[in-house]
Amino acid sequence: MKTAKKKIITIGREFGAGGRTVGMEVAERLGISFYDRDLILKTAEEAPGLRPEDVRRWDERISYDGGFTQSLFDFYSRPLSDRIWEAQKFAIRRIADRESCVLVGRNADYILREFDHVLKVFIYADRDWRVRHMEALMPACSGAEIEADTRSVDKARRSYCMKYTGQTYGYAGNYDLTINTGTLGFDKAVELVVSAAEKI
């Protein structure tokens with residue numbers, strides 16, 4: 001019996017562009033594993049001295065305050081962000097070695113740049129569209145709050161990506177496929193990713 005070729009899909013995304021939604025549907029359509037915040041706990045498991053609650057707190061705050069982690073040091077006297085980055089790389093590579101999957105965020109495209117059978121995707125949309133999308137998902141929050149958060153997350157992700165990968169966040173040349181969900185919608189985005197994944 002012929003063994004199916006492994007498929008790894010990494011999905012980078014702008015805040016509010018629906019990358020997680022697209023990733024979950026792609027994983028379901030392809031019948032493969034989906035990883036997003038699951039990687040938080042897996043990262044903690046890979047790093048002695050890191051507690052899951054510390055990793056979760058870091059993951060939540062890195063989006064809003066890039067300087068937050070600079071004041072946190074573990075027993076190796078390295079910034080917590082550096083320790084988590086190393087543990088995260090190990091966790092992502094081990095998952096990619098083991099199985100076909102969809103990995104959302106965490107700069108997985110860069111971490112797996114030397115792996116075969118990886119489709120690197122970036123999901124984006126106009127900021128106004130992303131704000132409207134998030135307003136529909138979070139009606140209790142004001143448009144001004146969501147817009148401020150969107151700008152903050154965009155800035156933090158750009159800074160974090162540059163710090164740890166040396167790459168420009170969202171630059172099309174780093175990906176195999178970039179999709180504007182504001183223009184094409186989620187269904188078409190899923191269709192495009194699934195179709196491209198079948199080619200790898």
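Select N180 and G182: N180 caps the N-terminal end of α8, with a side-chain oxygen 2.9 Å from the backbone nitrogen of G182. This is a predicted model, where local features need pLDDT of at least 70, side-chain atom pairs count only at pLDDT 80 or more, and totals for chains, interfaces and linings use all residues. Residues are numbered from 1 along each chain as its sequence is written, and side-chain values use heavy atoms, with hydrogens and water left out.

Now show α8 itself, residues 181-197. Helices here are DSSP runs (H or I, at least four residues), strands likewise (E, at least two), numbered from the N terminus. Stop at D187, where α8 bends by about 70°. That bend is the angle between axes fitted to the seven residues ending there and the seven starting there.

Colour T181, A189, V190, V193, V194 and A197 next: these α8 residues are buried. Buried means under 20% relative accessible area, exposed over 50%, partly exposed in between (1.4 Å probe, protein chains only). The buried residues of α8 pack against β1, α1, β4, α6 and β5 (contact: heavy atoms within 4.5 Å).

Move to E14 and R130, whose side chains form a salt bridge at 3.3 Å, N to O. The term means a side-chain nitrogen of Lys or Arg within 4 Å of a carboxyl oxygen of Asp or Glu. E14 sits in the loop between β1 and α1, R130 in helix α6, 116 residues apart. Both are buried.

Finish at D36 and R20, a salt bridge with its closest N and O atoms 2.7 Å apart. D36 is buried at 5% relative accessibility; R20 is partly exposed at 44%.

Conventions
Expected span 1.5 Å × (residues − 1). Polar contact = N/O pair within 3.5 Å; in protein donor to acceptor, adjacent residues only side chain to side chain.
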